[in-house]
Amino acid sequence: MAKLEINNVSKTYNANKPNSVEAVRDVSCELDEGEFFSVIGPTGCGKSTLMKMVAGLIEPTEGEITLDGESITGPREDIGVVFQEDSTFPWRSTLENVEFGLEMRGVGKQERRDRAHDILELVGLSGFEDNYPSELSGGMRQRVAIARTLALNPDLMLMDEPFGALDEQTRLILGGELLRICQETNQTTMFITHSITEAAFLSDRVFVMSARPGEIKELVEVDIERP
Ligand code: ADP
Ligand code: ADP
């Protein structure tokens, strides 16, 4: 079960100060289990702010965000996050990167190894277990970051422009693979992008944010015939 509800959420940075910024105004939306949900809008419209609130990394100024009815008040183990920046550990091999979170949770060596191998196969990195991030392409490093998050089996996966640093062709390839993986694993996913192509191609639904907080808030149903 993983149902996310965002209820009338606003965020003002530096509230009540001269340099206050209203980043998000009165956003409400819901994600159902297994849904691939994109948030789209131009740079500065508040997408990352929204995602950080869902991740429990910052607090809304107003409103509430709940996962399965429980208020999100801080970072949680059942919410996985993938950022745009390469977040792999350079001193760890691919396998060790994917095992890291499992190790932190006290999962035993053999189980962690088996799980990491399975996930690496899922993201197309079999054969690269022993390579270090510096030996991989940018696209492959993002696969490692995605694998590391998926290995923890999160109820909700948040992705903030995960392919933003990659070239167009690699974005399309990885996007297609991500969609397949999320469908296969029924992974509830909130995907942030400024690319209309990416949003339309990948999503069950798209939430459009306007450049000016509160101006446009529309849920667009995208119904694409998938092969
Ligand atoms: P997006 O992800 O859509 O580019 P952001 O959520 O990063 O948008 O930013 C929304 C607005 O909030 C922007 O005007 C940005 O400058 C501002 N902002 C983001 N983070 C902070 C912060 N930590 N302090 C002050 N203002 C911020
Ligand atoms: P991806 O499509 O995985 O993002 P890129 O398009 O960046 O990869 O790189 C092109 C191809 O080069 C990759 O799909 C991969 O097969 C190969 N490649 C990249 N880095 C390595 C490496 N360290 N060893 C072997 N092959 C590699």
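Mentor: A polar contact here is a pair of N or O atoms within 3.5 Å; within protein, one must be able to donate a hydrogen and the other to accept it, and sequence neighbours count only if both atoms are side-chain atoms.

Trainee: OK. Which oxygen contact does Arg143 make with ligand 2?

Mentor: A polar atom in the Arg143 side chain sits 3.0 Å from an oxygen atom of ligand 2. Keep in mind that this is a predicted model, where local features need pLDDT of at least 70 and side-chain atom pairs pLDDT 80 or more, while totals for chains, interfaces and linings use all residues. Residues count from 1 along each chain, chains are lettered from A and ligands numbered from 1 as written, and side-chain values use heavy atoms, without hydrogens or water.

Trainee: How far is the Ser137 side chain from an oxygen atom of ligand 2?

Mentor: For Ser137, a polar side-chain atom is 3.0 Å from an oxygen atom of ligand 2.

Trainee: And which residues are around ligand 2?

Mentor: Going by a heavy atom within 4 Å, you get Phe128, Glu135, Ser137, Gly139, Met140, Arg143 and Thr170. On its own, ligand 2 exposes 530 Å², and the protein buries 51% of that (Shrake-Rupley, 1.4 Å probe).

Trainee: Which helix gives the most to that shell?

Mentor: Helix α4, residues 138-150, with three residues. Helices are DSSP H or I runs of at least four residues, and strands are E runs of at least two.

Trainee: Switching to ligand 1, what surrounds it?

Mentor: Tyr13, Val21 and Ala23 are in the shell, along with Pro42, Thr43, Gly44, Cys45, Gly46, Lys47, Ser48 and Thr49.

Trainee: What about backbone contacts to ligand 1, say from Gly44?

Mentor: A polar backbone atom of Gly44 lies 2.7 Å from an oxygen atom of ligand 1. Gly46 also uses its backbone, with an N or O atom 3.0 Å from an oxygen atom of the ligand.

Trainee: And what does the side chain of Thr49 do?

Mentor: An N or O atom in the Thr49 side chain is 2.5 Å from an oxygen atom of ligand 1. Taken alone, ligand 1 exposes 560 Å², of which the protein buries 61%.

Trainee: Back to α4. At what angle does α4 pack on helix α5?

Mentor: About 20°, with the axes of α4 and α5 (residues 168-185) 11 Å apart. That makes α4 roughly parallel to α5. The axes are fitted to C-alpha atoms over the stretch in contact, with angles from 0 to 180 degrees between N-to-C directions.

Trainee: How do α2 and α4 pack?

Mentor: Their angle is about 30°, and the axes of α2 and α4 are 7 Å apart. α2 and α4 are therefore roughly parallel to each other too.

Trainee: Last pair: how far apart are the axes of α2 and α3?

Mentor: They are 9 Å apart, with α2 (residues 94-104) and α3 (residues 109-122) at an angle of about 125°. That makes α2 oblique to α3. The words go by angle: under 35 degrees is roughly parallel, over 145 roughly antiparallel, 65 to 115 roughly perpendicular, and the rest oblique.
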